[in-house]
Amino acid sequence: MKFNHLLLLITLLFCVNFVPAQSVVINEFMADNESTLRDRDGEYVDWIELYNPSGQDVNLMNYSLSDDENEPRKWVFPSVSVPAQGFLIVYASKKNSNEGGELHTNFKIDSDGESLYLRDTEGRIVDQSPAVGLPEDQSYGRVPDGGEYWVKM
């Protein structure tokens, strides 16, 4: 009987500490960055901001980002966490790199408008952004952070 209680306790502890990445959302993105945010190379490239509204860090290892609904695993995350109630910037630069602490996808965002897709390890869409055309140095994001409303910023 004690073994069953111990097994139940371990199972409950695992469940309490496990936070699925469904809590992470695409929070904001910029498709024509000319002067707002530079990457480590000093270049202005497209970027995507993820937000984790939960109270636990979320590791995105083997999750993916794509700008093509038919190519779900276009760019796959390495082992990287989004801090609790925090943000993670991913550069959509076509550099396909995770060197120097920066994440760079293998695609850029079309400023004429296209959706972005965040998918889990099984390929299920966790979140997606609307397709919206954006002029130079204008982003599109959720208000408030992680909220349901999208606005030009």
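**Briefing: sheets, core and side-chain pairs of a predicted model**

The count of aromatic pairs comes to five, where rings of Phe, Tyr and Trp (its six-membered ring) pair if their centres lie within 6.5 Å, with planes under 30 degrees apart counted as stacked, over 60 as edge-to-face and the rest as tilted. The structure also holds seven salt bridges, each being a side-chain nitrogen of Lys or Arg within 4 Å of a carboxyl oxygen of Asp or Glu. This is a predicted model, in which local features need pLDDT of at least 70 and side-chain atom pairs count only at pLDDT 80 or more, while totals for chains, interfaces and linings use all residues. Residues are numbered from 1 along each chain as its sequence is written, and side-chain values use heavy atoms, with hydrogens and water left out.

**Six-stranded sheet**

- An open sheet of six strands runs in the order E8-E7-E2-E1-E11-E12 with mixed pairing; strands (E, at least two residues) and helices (H or I, at least four) are DSSP runs numbered from the N terminus, and two strands pair if DSSP finds at least two bridges between them.
- Strand E8 (103-104) and E12 are the edge strands of this sheet, each pairing on one side only.
- E1 and E2 run antiparallel and are joined by five bridges, with Val-25 opposite Tyr-51 in E2.
- E11 pairs with strand E12 (residues 149-152) in the antiparallel sense over four bridges, and Gly-141 stands opposite Val-151 in E12.
- Five residues separate E11 and E12 in a hairpin, and Gly-146 in the turn has a positive phi of about 80°.

**Four-stranded sheet**

- A second open sheet has four strands in the order E5-E4-E9-E10, with antiparallel pairing.
- Strand E5 (75-76) and strand E10 (125-128) each have a single partner strand, so one side of each is left without a neighbour in the sheet.
- Two bridges pair strand E4 (residues 64-66) with E5 in the antiparallel sense, and Val-76 in E5 is the bridge partner of Ser-64.

**Aromatic pairs**

- Phe-29 and Tyr-140 form an edge-to-face pair, 6.1 Å centre to centre with 65° between the planes.
- Phe-29 lies in strand E1 (residues 25-30) and Tyr-140 in strand E11 (residues 139-143), so this pair ties together parts that are 111 residues apart in sequence.
- Phe-29 and Tyr-140 are both buried, that is, under 20% relative accessible area, as against exposed at over 50% and partly exposed in between (1.4 Å probe, protein chains only).
- Trp-75 and Phe-77 form another edge-to-face pair, 4.8 Å centre to centre with 70° between the planes, and both residues are buried.
- Phe-29, Tyr-140 and Trp-150 form one aromatic cluster.

**Nonpolar core**

- The largest nonpolar core has 27 residues, and those with the most contacts inside it are Phe-29, Ile-48, Leu-50, Leu-60, Phe-77 and Leu-88; such a core is a set of buried Ala, Val, Leu, Ile, Met, Phe, Trp, Tyr and Cys residues joined through side-chain atoms within 4.5 Å.
- E1, strand E2 (46-52) and E7 each supply at least two residues of this core, and the largest share, three residues, comes from E7.
- Leaving aside neighbours within four places in sequence, Phe-77 is in contact (heavy atoms within 4.5 Å) with residues including Leu-50, Leu-60, Leu-88 and Leu-118.

**Asn-52**

- Asn-52 is found in strand E2 and counts as buried at 0% relative accessibility.
- The side chains of Asn-52 and Ser-54 are joined by a polar contact of 2.7 Å; a polar contact is a pair of N or O atoms within 3.5 Å, where within protein one must be able to donate a hydrogen and the other to accept it, and residues adjacent in sequence count only if both atoms are side-chain atoms.
- A polar atom of the Asn-52 side chain lies 3.1 Å from the backbone oxygen of Val-82.

**Salt bridges**

- Glu-43 forms a salt bridge with Lys-95, with the closest N and O atoms 3.0 Å apart.
- Glu-43 lies in the loop between E1 and E2 and Lys-95 in the loop between E7 and E8, so the pair ties together parts that are 52 residues apart in sequence.
- Asp-39, Asp-41, Glu-43 and Lys-95 are linked in a network of salt bridges.
- Asp-67 forms a salt bridge with Lys-74 at 2.6 Å between the closest N and O atoms; Asp-67 is buried at 15% relative accessible area, whereas Lys-74 is partly exposed at 22%.
- Asp-127 and Arg-142 meet in a salt bridge of 2.7 Å, N to O, and both are buried.
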